[in-house]
Every structure is written in C-alpha cells, then in structure tokens.
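Hello,

Here is the structure I promised to pass on. My notes on it follow below.

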Amino acid sequence: MKKYSIKYGILLFSLLNSIFSVCQNRYSVLFGTEEFTGLQCKDLSWDRPDALTVSPKGEIYVSGTNSYSTGNPKPNSIGVWVMKFTNEGKLVWFKCSSDNNHISCNPKVTASTSDNGLVMAGSESYGSGKLNVFYYNSVGTLKKVTLLPNSIKIKFNNQMYECEKVHFPIHIFQETERNNIGIVVNVQIRVETKQGNVTRSEPVQKVGLVYINQNLEFVSAVVLDFPPLLYTLDENSYYFYFRAESYTNGNFALVLKDKATRQNIIISNFDKNGTKLWSVQKKYNEPIYNDAIAYSNTGEVVYVVCKDTNEEYSIFNNMGSETKFTVKNEGAISKISFIENDVIVLYQLGGVGEGTVVLKRLNAKGEVVWKKTFGQKSSYGIDLSVLQDKTIAVLAYTKEFGACYLDGVLIRTDKDGNMEAIPKKYIKTN
C-alpha cells in the first residue's frame, strides 16, 4: 500500500508540475512604449513594436522605434528601443539606442545569439554606406560596431572586391556551428568591364552575405547568386519586396518580388556559406500584397501569398520541388511559423487594417486544426514565433484596454492557442 501511495504521489506531483508549467508559460501582457521613452505616440509608423525574437532559453526580446519625427524625445532616447521578457512574461529591462535614425539600427533585422543576447543590424544614413551592428547581452549592456565599407572584402566571380557602400540589411542570423553572425545586405562594388579597347569601372549593386564573429569583427563576405536590384534603393522597397528566413543549420531563404507588378517572385535557398542550393521562379495572376516565409522543422521552405479568395501555400523540399495547398483567404497574413508538422498563421481578420487578430493552425492538407482570436476593433498582429516547448509567442499592438495611443501586446499561448484573457499592464515603475 505504501509503495502504491508513493507511486501515485509521484505521478500526481508530475501531473501538477506539468499543469503548473503550462500555466506559467501562458500569459498576456501590455506595454506602452511612450511610458518608457517619454514620447507621445503621434505617428503610428514610427511608434509601434516591430519584431519579436526568442533566445535559446526561451526569453523574449521585443524591438521597435521611437517617434523622432513627431514626438519630443528625451536625450539619448531616439532611434530604437529593446525590451526583454523572461520565459514567464516578466519584464526584465528596457533600453533605447542613442542613434538618431532608425535605419542605422533597424528593429526588424534582429536575431538571438547563442549566449542569449540580441543582435541587430542597420546602415548609416543615405550616402555614407556603413554597416552598423548592435549587440545587447542578456543583461542589456549594448555594444555597437560600425564596419566601414572598405573593411568589407567580398568575393564575387572568384575575385575579391572592396565594398564601396553597404545599404539596408534585410536579414541577420547566427550560424551555430562557428557561432559567426551572418548578415544579408545590399553591397555596392566597382566592377571593370571591357568594350573593345575601352575599360570601364562601374558601380554595381549586389546582394551579399557578410559574416562577423562574436566580437563583431569582420570575418568574410560573398556575393550571393541572386538577381540584381533593378529599382531605386530605399528602405520601403527592401522591406516590402524582400522576405528572408533562416534555418537552424545556417541555411537561409530569400524571396524577392518584382517592383513593377508584384506578381513575379524568385525564391532561393542558400547554405551557410552563401552557396545557392536551389531557386524557383513563380508568377501569380494578381499582385502580391501580403506574403510570408518560414522553415519547417525538417528544413523545408514554406511560402504563402494572399490572393483575393485564397491563401496559396507552397512547400519546397531540399531539392526545390514544390507541393501546394490552398486555404480560403480570411484576412491579411502577417507571419507564419511551424509547430510540429503544422503551420501556425498570424493574420488580420477581413483585411490589412486594425481589428481582430487571428491565430490559426493548419495541417499539411490545409485543414484548420484550431483558430483563436484576440482584439476586436483596433488591434494588429505583427510577429510570431514557436518556442522549443511548443508554446507560441505573438507580438501585436492595440488601442484597446484603455491605451492612450497604442500599447504593445505580448502573448504566449499553449500549443493549442489558449491564452490568458486579461492582460497584465507594464509601466515604467514596474
């Protein structure tokens, strides 16, 4: 009898501990960025949260911009802010960069590091062509490095070139085997061409992969076999026409839409050395306004576009072969990710504007496993990540819950999308 009591006691303890752990990892919190920065959020395009990044420990970083154009910022509070939350949703710290341009440290181009820090990339203001790297360690200490273009030697057609300019990083990741940080960025090099007896030296725009080490020192760079950028360089073009995603082994995929019609796309998959593994071209019968990309847990690349009536999901294996399924279009997709063999989708119900945010799970046939909603009239889903324990982190903003201007929303659900109904509000005094 005593043995059975001990046995059942252990089972009961394990069950309660499991339930407690799940409850601990499910939360909903609000944070008003103006309460930390001293700014009034008058211009939504500058003041909303932009990205969610998860560390190897499951801690969550949220990054965004301050309103340097319409607010009244305090000294050294312009540019980019970063918040760190524990695995249980407790706010640990809030930091602001001192740069006066959000492009110089782009809050959308972020990655976690193996030591549970956060690394971000950006470029100097137009014309200077410098590459900035910002690294926050786990306690929020900031280290910034500016790489001059001429310090970046890049390989192209088996020759080494000195970069003239670096503009608009579009992706950053840590390659775990060597612990180097990879940055996908536009580079300008000068290439000599011959026409008869005349030799010309002309600037050429290319997409490159730049590696730096953990000390943020330049290691190597290579030009990627990716189409040249035929449109004028500007930040909006980059982040509207590009999509990028990394896999755990250092592979990364790039998607580029043509500017003229947004109907033609190129998807290329690269290994950690910048070697192209495969590439496909697709043409849609209507412009693409909303799309997203993700890697599966087995290394497949999944790309989805929103059409008027359907969402079309393309799944590419490691050889670039495609399988597809379609789902009825219910709104504008913000982000997709994977949980087990299913796809998690974050989207706005009914369109691209503020309103109801939806999180749904689709199986490989496109069937809806479950669907959850939050927000009603003035919320917007921004980013999404599935953690190692299969819980789901969602970043959004809202003007509900009594927000003066807007609040950031960080939600952690269980694997079935269940969340805490009443959010906790963080203010600076916390």
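Buried, as used here, means under 20% relative accessible area; exposed means over 50%, and partly exposed is in between (1.4 Å probe, protein chains only). Strands (E, at least two residues) are DSSP runs, numbered from the N terminus, as are helices (H or I, at least four). This is a predicted model: local features need pLDDT of at least 70, side-chain atom pairs count only at pLDDT 80 or more, and totals for chains, interfaces and linings use all residues. Residues are numbered from 1 along each chain as its sequence is written, and side-chain values use heavy atoms, with hydrogens and water left out.

Strand β20

By that cut-off, 5 of the 5 residues of β20 are buried. Both faces are covered. Asp291, Ile293 and Tyr295 sit on one side, Ala292 and Ala294 on the other. β20 runs antiparallel to strand β21 (residues 301-306), joined by 5 bridges. Two strands count as paired if DSSP finds at least two bridges between them. Ala294 has Val302 as its bridge partner in β21. The hairpin of β20 and β21 has 5 residues between the strands, and Gly299 there takes a positive phi near 90 degrees.

Salt bridges

There are 22 salt bridges in the structure. The criterion is a side-chain nitrogen of Lys or Arg within 4 Å of a carboxyl oxygen of Asp or Glu. Asp291 counts as buried because its relative accessibility is 3%. Arg243, at 22%, counts as partly exposed.

Asp342 and Arg361 form another salt bridge, at 2.8 Å, N to O. Asp342 is in strand β25 (residues 342-349) and Arg361 in strand β26 (residues 355-362), so parts 19 residues apart in sequence are tied together. Both Asp342 and Arg361 are buried.

Asp416 and Lys415 also pair, at 3.8 Å, N to O. Asp416 is partly exposed at 33% relative accessibility, and Lys415 is partly exposed at 40%. Elsewhere, shared partners join Lys282, Lys307, Glu312, Glu322 and Lys324 into one salt-bridge network.

Nonpolar cores

A nonpolar core here is a set of buried Ala, Val, Leu, Ile, Met, Phe, Trp, Tyr and Cys residues joined through side-chain atoms within 4.5 Å. The largest has 27 residues, and Ile152, Ile154, Ile172 and Ile183 have the most contacts inside it. Strand β13 (residues 180-195) gives the most to this core, with 6 residues. Apart from this core lies another, of 21 residues, among them Val54, Ala393, Leu406 and Tyr426.

What does Ile152 touch, leaving aside neighbours within four places in sequence? Its contacts (heavy atoms within 4.5 Å) include Leu131, Tyr161, Val210 and Phe218.

An open sheet

Four strands form an open antiparallel sheet in the order β6-β7-β8-β9. β6 (106-112) and β9 (142-147) each have a single partner strand, so one side of each is left without a neighbour in the sheet. Inside the sheet, β7 (residues 118-123) and β8 (residues 131-136) pair over 6 bridges in the antiparallel sense. Met120 has Phe134 as its bridge partner in β8.

Best wishes
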